[in-house]
Amino acid sequence: MAISEISYLILVPLIVALINIVLPVILRKLLTAGTVIYLALLTYRLYTGDVTETLILDTVVFSVDKLALFILIFIQVLSAIILLFSLKGVKQEFQKAFFVLYPMTIAFSNGAVVSVHSISLIIFWGLTGIMLYLFAIMDKTKEASDTAKKTMIIVGGSDVFLILGLVLIWFLEPGYGWNLSNNQVLLSGELAYIAFFCIVIAAFAKAGGFPLHSWVPDFAKDAPVESAAFLPAALDKLLGIYLLARISLTIFKLTPFVHILLITLGALTVITGVMMAMIQHNGRKLLGYHAVSQVGYMIMGIGSGSILAIVGGLFHMVNHTIYKSNLFLALGAVEKRTGTNDLDELGGLGTRMPLTFLAALIGAFAISGIPPFNGFYSKWMIYQGILEIARSQSAGYQIWLLICLILVVFGSALTLASFMKFIHAIFLGKRPAKLADINEAPFNQWLATGLLSILCIGFGLFAKELPLKHFILPVMNQPGLNLLGAYSPLMLIGLFGLALLIGLIIYWITRKVRFDEVYLGGMEALEKFRITGTAFYNEIRNLKPLKGIYDSAEKKYLDIYDLGKHCSFGIAKLFSTIHNGQMLFYNLWLVVGLLILLLVIK
Amino acid sequence: MILPFLIIIPLLAAFLITLISGGRDSWAIVFSILAVISLLALSVFSFLSTGSQTFIYEMSGWKIPLTICLVQDALSTFMLVIVNLIALTSLMFSVSYIRQYSAPWKYYALFMLLIAGMNGVIATGDIFNLFVFMEIALFSAYALVAFGGKAEEYEASFKYAVMGSVSSTLILLGIGILYSATSTLTMAKIAEILPTLDVKLTYWVGAIFLAGFGLKAAIIPFHAWLPDAHSSAPAPISAMLSGVFIKSLGVYVLIRLFFNVFGGVAVFNEVFLVIGAISMIIGVFLALGQWDIKRLLAYHSISQIGYIIIGIGLATNLGILGGVFHLFNHAIFKALLFYNAGVLEMTTGTRDLRQMGGLAKKLPTTSFTSMIASLSIAGLPPFNGFFSKLIIFIAAIQAGRPVYAFLAGLGSLLTLASFMKMQRYAFYGKENKDADKTLAKVSTAMKWAMISLAVLCLLTSLMVIPGIRELTLDPVVAVIMNKTGYIAEVLGR
């Protein structure tokens, strides 16, 4: 067994996790922090140095290519920043387990990314799923346990499909053995299609693509908030989209039909996620549905087959992990101060927690795709890429792609709408009486969200110079893309500044402002008349055709998990009724079974 | 010359317990623990020393085909290790668990007989002798199922006895047909003569054996006794029954007869695949709807036996490797799950999952080991169940039967679902205030029984590593695949 540097990416955090089991909490934190820094340095070395391979039993098991390296870098960056947030403020009862699971999760995620051997990919993939479960059961409430169960059934169950898919690839292309580095299996014949879609199922379940997304909002709501930022918002997106990128770029050669199908699924994911997010009253659940919705863009981008859109999709994945963990952490900071994540009970915290407010605002702008933040840049690339491939399609496909594009652009607008609700409900409006003496989040927390906000801005302004040039374009072997024509973030920010300046000038010239209390019916408005940020969206909730859909969605008729549950219990009941406990009946089966055997065997 | 001791020791222990200890439980415990420890040591030693060789022990100086012979090859010693390993943990678990019943010494005597029967079935090379040992094991199993002495336990035991007897009659009929056709009872000799006879004979006897031993192995549609019997028995006995009993009397004999004696006829492999798939899928659906924790586990035994049978039915090297490996793994995690269920039943006084809840804090060892076992049976890495299922998947696809791989995948998914349900209702969620009265304490021996099996769930994964596999699983597979080799080795040609 040749142990190379790549295997340290897995071994070091794993050993740290095992040591952490016996350490006191403060040392656990220190050791984990040290590990994360070490891993970041190690990844940097891998990025700059020569690529090494790890062999186990004379087979290459771990290796990195450009794509894996790109994902690895962001795993380390994100886990460092989220760890910074978690150093102070993880709930007392979770602390011990949290700092064991944290390095372990990093180890397994790294393992999944560097695996080029199918079996080791399957193992690490499954292990990350188990980590998800262990985070979810930390909280001992009924909802948390239900969520843990649901998460594990969807994510762990999808492992089965990954296994089947990878074994089928091995069967179809025996020449490569179990190696996954560059198979280029043609999608021809039904087995190839089955293999492809099996792996797509695994990737969708992990990343939260429609229709396997339903665990994400639940997990976001019930698991510790740090883990919601860590896994479904950051690491699971990286892993799921990594797998999708891996199969659509190197393992399989896709056909136009599959491209269109993936784009459609992406569009559906965007729109279902955002529609559900709009009506949420729970902040974490809202973010959870957006974590689903944003995956749609990545699926569209990567599935489209246009290089521009693939780059956009990968870039969007990175951007999403940044702004979504930013938003989760900002909400977490608020939640830790106020003790609630219910949007109806929050409000007016902007003046009390200005730094957190700023971070959340930047995150909200980024996710809504407002230029010049990073979310806009990647969405813009995806739209362009899809238009580009639409050009070479027949008329029917063109219309179809256009519908998808309109859907996602509309989804983007709705994202903005729902984040205005989010920001308004937490930071603006009238502050409820009981939140009168809330203070800014602790240093480590606003530093973490601040760093993520800086990344949001930096990746938006210098997209071409920083992330695209160094991380993403090398993945595609493209020295440079010059398709973005007229859009220049700096010019845009200049225009924005100009508009703001003009606005300010007008404001100063015509300034006539009066601050006053709100009156209602001649008396000062009471607490109960406070309008919450969510109230505006009740209109949408009760709109004619949407109401029915929302109602059935809330009753979980549209959740594949619940559908599956009802089906299986139905079948189970059918079989159970045959088992009536009558021995005569059972003996009859024996006889009939024997007769059938005697008839069949000849 | 080890094999006879594997039968004599437990038989002797059983008689000593009844004769000497008569009523004194501590002597019964000492005798049985000593017996089982020596059995485990002997079986491990014989497994390691056998390798790919075959040793024959001819009883009382007569020669084959007149004598009863014991066959020591990789397959039989492998099974012996499993049986005695689970027996040891089961005994560790029993010591304090069985105190809640009256006259525990009888329990130990029956337990020893059970082991004697199973070891005999595995070791023997004579088909009628196999039948005798099987009946010894079955009779003690009937008694042990009813050991609690409640009405439902008697009912379960009665059902089991009736159905068991029907199947035993079928088996006896099959043996009779074979004897009349070949004039011998030594299995190797039968195997040698059978190809010279009409192939229809093999088919008929095969079908009869499939139904007879299929009932012992609880393959659908011959499974109906199992949920009652396995859920009514005391937990350590459930572990023995589900963990090793259905395998040694059912699966092992099926493998031995259909591969080594009948020579692996293709049509039987097809039947194995079909009934394996049926058991796997229907079993897991039945388990999914259960709220009685032991019944849930019992139905999973049916489903998991389905996996083993599919692996065997593929009849490729890889398939049999998967099947045999899964057989071993299933013994470990299913025994562990039944211990967990036993602790839950003992401490909460109920088997209904809906009346439990939030026990993770109160029973940390049970909760932790149960999670490991659940993840193993659901086939999640890095636990042993994952690797054996993976091998079965690969084997099915390699053999050009992806349908079975997908059915196995579906079964795996549903298994995961039903164990997540078990975890959720037993250990997490809201604590049930009614079940707050903790009835009994979990003793150290029980904890160690669970912990050691949980560790094994992880350690046995290492058996896939080629170096270790060549020492452990490969000889077993070689014995099964080398159909005529059995004849040659046993008859000394």
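Pro382(B) sits in the loop between α14 (364-377) and α15 of chain B, where helices (H or I, at least four residues) and strands (E, at least two) are DSSP runs numbered from the N terminus. The peptide bond from Pro381(B) to Pro382(B) is cis, with omega near 0°. This is a predicted model, in which local features need pLDDT of at least 70, side-chain atom pairs count only at pLDDT 80 or more, and totals for chains, interfaces and linings use all residues. Residues are numbered from 1 along each chain as its sequence is written, while chains are lettered from A and ligands numbered from 1 in the order in which they are written.

A cis bond also joins Ile220(B) to Pro221(B), with omega near 15°. Pro221(B) belongs to the loop between α8 and α9 (225-232) of chain B. Ala218(B) lies in the loop between α8 and α9 of chain B, and has a positive phi of about 60° although it is not a glycine. Is Ala218(B) buried or exposed? Ala218(B) is buried, with 28 other C-beta atoms within 10 Å; the term buried requires 20 or more such atoms, exposed means 12 or fewer, and partly exposed lies in between, with C-beta atoms placed from the backbone.

Ala103(B), in the loop between α3 (74-97) and α4 (104-123) of chain B, likewise is not a glycine and has a positive phi, near 50°. Ala103(B) counts as partly exposed because it has 13 C-beta neighbours inside 10 Å.

I turn to the strands. Strand β1 (residues 55-58) of chain B pairs with β2(B) in the antiparallel sense over four bridges; pairing requires at least two DSSP bridges between two strands. Val71(B) in β2(B) is the bridge partner of Ile56(B). In a regular strand, side chains alternate between the two faces of the sheet. Both faces of β2 (residues 69-72) of chain B are covered, with Cys69(B) and Val71(B) buried on one side and Leu70(B) and Gln72(B) buried on the other.

Next, the contact between the chains. How many residues does each chain bring to the contact? Chain B gives 50 residues and chain A gives 46, contact meaning C-beta atoms, placed from the backbone, within 7 Å. The largest share of the side of chain B that touches chain A, 12 residues, comes from α16(B). That side of chain B divides into 39 nonpolar, seven polar and four charged residues; Ala, Val, Leu, Ile, Met, Phe, Trp, Tyr, Cys and Pro count as nonpolar, Asp, Glu, Lys and Arg as charged, and the others, Gly among them, as polar.

Definitions and conventions. Contact = placed C-beta atoms within 7 Å.
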